[in-house]
Amino acid sequence: MVHKVCVVGAGIIGLSTAYIIQDKIPDVEVTIIADRFSPDTTGDGTGGLWMPYLAGNTPMELIQKWGKDTWDYLIKILRSPEADAAGVSIHSGHIIYEKKPEQDPFWKDMVFHFKHCTQHELDALFPGYPCGVHVTMMFCLCLRYLPWLMERYKAIGGKTMKQTLSSLSEISDLYDVIVACPGVRARHLLDDKEVYPIRGQIVTMTNPGSLIKYTDTEKAEGSSDTYLLPSCSAEYIHCGGTAQVNDWNEESDPEDAKRIIERCTKLVPSLKSAEVVGTWAGLRPGRSSVRLEKEDKMIAGKMKKVVYNYGHGGSGITLHWGCALDATELVRQSITELQPLQSPSKL
C-alpha cells in the first residue's frame, strides 16, 4: 500500500525533510505544498553559515545532535563532485567577541582549525576587541543548495504543489500523514503563538578581498551581530545583520542597510571602496524551542497523523539535516501506526 505524505513548506527544513522521507521510507508518495519555493524562501537570502544561532531554549543535547548530523552530511557533500553545484564550501576567518565568553562554544571540536587569537593578532587586526578565534567553518548557500536538493527530490519521485494554505483542513483528506514545516507561518497556519518573526537583513557588496569575519555578541534576540560572509561568487560578500524580534517587515530597510554598512566598515575599513550590489530581508522562525514531534490531531472532524518540524530561529541551515532525519523517523512511526493489526492465523 502506498501512503501519501504531505510536507507543508519548501524552505531548507521542509525540502530536506521531504527528500529523506521519499528516499528512506518505502511505499510513500511525498508532495511538498508551499506558497514559496526557491529562490523566494527565507534561506535563499542568507549567508549560509553553519553556526547555532537564536534557537531559543532548545535543549543543548538536541542542538549538538542535530548540528553534528548536519555537519557530517555537509562534509560528505563537500568531498563529492557535487559540492560546487550544491553551494557547500568551507572558509577560514575570524570570530571576534565584544565580551570574552566564559567558555568556548560546544562546536569548537566539530569545526576545523579552532584557535584563539593572540594579543598580537587582536592588536593588529581588531584593535579594541578583547578576544577572538580563527576558525574554518562550513557554508551551505541555499541559493544553490535548494535547487540542487529539489532536483534530487524530484528525481526520486517527489512532487510539489504551489498553494497558499490557511488551514491544514484544506488538505487533510488527501494525505495519510501531514508534516508541518511552515517556518514563521506556523504562527497563523497552526495557531502556534510561541512562533514569532526574528527579522534579518543583509547587504551584498563587492568583495575588497577581506577574510571572513564575524563579531559575536551574546546572541540576544534583538542584537545586531556584524559579519562578512562569502556569497556564491568570490566577487561579492554578504554583510549583516539584524535580529529584530516581532518585526514582520520583509522589505529591505535603507536605514538598516546604512547601519550594517557602517558597522562592517568599522570592522573592515577596506569596505569603504566596496560597492553595494543589493539588499535582502527575511523572517527567521523564532520560537521558545524547536518543535519536532508527532501528534494525533483532530482536523475537520477526523483524527490525522501530523509531524511538526519548525521553529529553528537562525539555525535552520545548521540543524536542517539532523532534524529532517528525526522527523522522517516520526513519519515512519506514524505510518506504522496506520497499519491494520494482523489477524492471528487460524490453524
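Residues are numbered from 1 along each chain as its sequence is written, and side-chain values use heavy atoms, with hydrogens and water left out. Because the model is predicted, local features need pLDDT of at least 70 and side-chain atom pairs count only at pLDDT 80 or more, whereas totals for chains, interfaces and linings use all residues.

Helices (DSSP runs of H or I, at least four residues) and strands (DSSP runs of E, at least two) are numbered from the N terminus. The axes of helix α1 (residues 12-24) and helix α5 (residues 142-155) come within 10 Å and cross at roughly 25°; axes are lines fitted to C-alpha atoms, for helices over the stretch in contact, and angles run from 0 to 180 degrees between N-to-C directions. The helices α1 and α5 are therefore roughly parallel to each other (angles under 35 degrees). Their crossing is left-handed, that is, the near helix is turned anticlockwise from the far one by less than a right angle. In the contact (heavy atoms within 4.5 Å), Ile12, Leu15, Ser16, Ala18, Tyr19 and Gln22 of α1 meet Cys142, Tyr145, Leu146, Leu149, Met150, Arg152 and Tyr153 of α5. By class, ten nonpolar, two polar and one charged residues take part in the contact of α1 with α5; Ala, Val, Leu, Ile, Met, Phe, Trp, Tyr, Cys and Pro count as nonpolar, Asp, Glu, Lys and Arg as charged, and the others, Gly among them, as polar.

Strand β5 (residues 131-140) has nine of its ten residues buried, so it is largely enclosed by the rest of the structure; buried means under 20% relative accessible area, with a 1.4 Å probe and protein chains only. Strand β5 pairs (at least two DSSP bridges) in the antiparallel sense with β3 (residues 88-97) over ten bridges, Tyr97 having Cys131 as its bridge partner. Antiparallel pairing of β5 with β4 (residues 112-116) involves three bridges, and Lys115 stands opposite His134.

Most residues other than glycine have a negative phi, and most peptide bonds are trans. The Ser38 to Pro39 bond is cis, with omega near 15°, and Pro39 lies in the loop between β2 and α2. The Gly240 to Gly241 bond is also cis, with omega near -5°; Gly241 is in the loop between β11 and β12. Asp191, in the loop between α6 and β8, has a positive phi of about 55° and is exposed at 52% relative accessibility (over 50%). Asn246, in the loop between β12 and α7, has a positive phi near 60° and is exposed at 54%.

Terms used:
Angles under 35 degrees count as roughly parallel, over 145 as roughly antiparallel, 65 to 115 as roughly perpendicular and the rest as oblique.
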